[in-house]
Amino acid sequence: MTRLLTASLLIPAAWYLCKKAPFPLFLAALAAVVGLAAWEALGLFETRGAKPFRWGGTIASLAFVWAYAGLSPRLDPIDVLVALFLVIPVGAMVARAGAEAMLDAITGTIVPVALVGVGLAHCAALRAVPGENGSDLLMLAMVCATLSDTGAYYLGSAFGKHPLAPSISPKKTWEGVLGGWAASLFGAGLAHFWFFQRLSIVHAAVLGTLLCAAGIAGDLAESLLKRAAGAKDSSSLLPGHGGVLDRVDSLMVAAPVLYYYWRAFLVGVI
């Protein structure tokens, strides 16, 4: 019940931010989500005993959000990446004692930024696509990721027998994958017949499949971090859902997949 109550608050807010909110308001909300998710991911490395640069990693993640939003003053994502790879290793050599602690600080900072910061920053890139395509693309990613998560959770809980990745997440099953795939296809179909009618049924079917697979990859990546840290959730900020990272992990991979699919196959088509 707590899970459903929290979802009943988050879903309308997500819909408004994706479809109706002015871009600056959307960007502020996305920055809050990315900042919290990055902070939680960096905290998982701290739980393992590493000492990442928690503030530095969070700020770098927010810099990627600004870079992918394409606003002035312009900041290219490659510039943020270069700065990250220069500053963090130098900082580790200055601020950490011993080679092992330095290496832990470097990997414990850069990996969360790469997964959370870069991945979720593509939500800004999707929303920044001109016209209604931007909000519709982001809504498509949100709908497919959310329905895929829900379908996998409930079908896997009811019928799951065959483990998907037992060494990372023992409760995830192939039956859950089928439930998530069906739900993601339903979500993509919903987009085609409702809010994103310019998207052909063929592209909707392909994206329903790709976004489900990408969402599972993001979910497993976060599960890997939590399992290595011995944590059940990334935090307890969202009752019934765990942390912010637990709620948006599917988008870490789904948003980039949709963005580059858009650039490769849909620009000029819709």
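Predicted model: local features only at pLDDT ≥ 70, side-chain atom pairs only at ≥ 80, totals over all residues.
## Exercises: a patch, some salt bridges and a cis bond

Helix H7 gives the most to the nonpolar patch, with three residues. Residues are numbered from 1 along each chain as its sequence is written, and side-chain values use heavy atoms, with hydrogens and water left out.

**Exercise 1.** Work out which residues form the nonpolar patch on the surface.

*Solution.* Start with the rule: patch residues have over 30% relative accessible area and no salt bridge, with like charges joined within 9 Å and nonpolar side chains (Val, Leu, Ile, Met, Phe, Trp, Tyr) within 5 Å. Here that picks out Trp15, Tyr16, Leu25, Phe186, Leu190 and Trp194, with about 620 Å² of accessible area together (Shrake-Rupley, 1.4 Å probe; for residues, only the protein chains shown count as cover). Finally, check Tyr16 in H1: its relative accessibility is 36%, so it counts as partly exposed. The classes are buried under 20%, exposed over 50%, and partly exposed in between (1.4 Å probe, protein chains only).

**Exercise 2.** Trace the contacts that Arg198 makes with Asp136 and Asn133.

*Solution.* First, Asp136 and Arg198 form a salt bridge, with the closest N and O atoms 2.7 Å apart (the rule is a Lys or Arg side-chain nitrogen within 4 Å of an Asp or Glu carboxyl oxygen). Asp136 lies in helix H6 and Arg198 in the loop between H7 and H8 (201-229), so the pair ties together parts 62 residues apart in sequence. Asp136 is buried at 0% relative accessible area, while Arg198 is partly exposed at 36%. Asn133 is buried, at 12%.

**Exercise 3.** Find where the cis peptide bond sits.

*Solution.* Recall that most peptide bonds are trans. Now look at Ser72 and Pro73: a cis bond joins them, with omega about -5 degrees. Pro73 is in the loop between H3 (54-69) and H4 (77-95).

Notes
Helix = DSSP H or I, 4+ residues; strand = E, 2+ residues; numbered from the N terminus. Polar contact = N/O pair within 3.5 Å; in protein donor to acceptor, adjacent residues only side chain to side chain.
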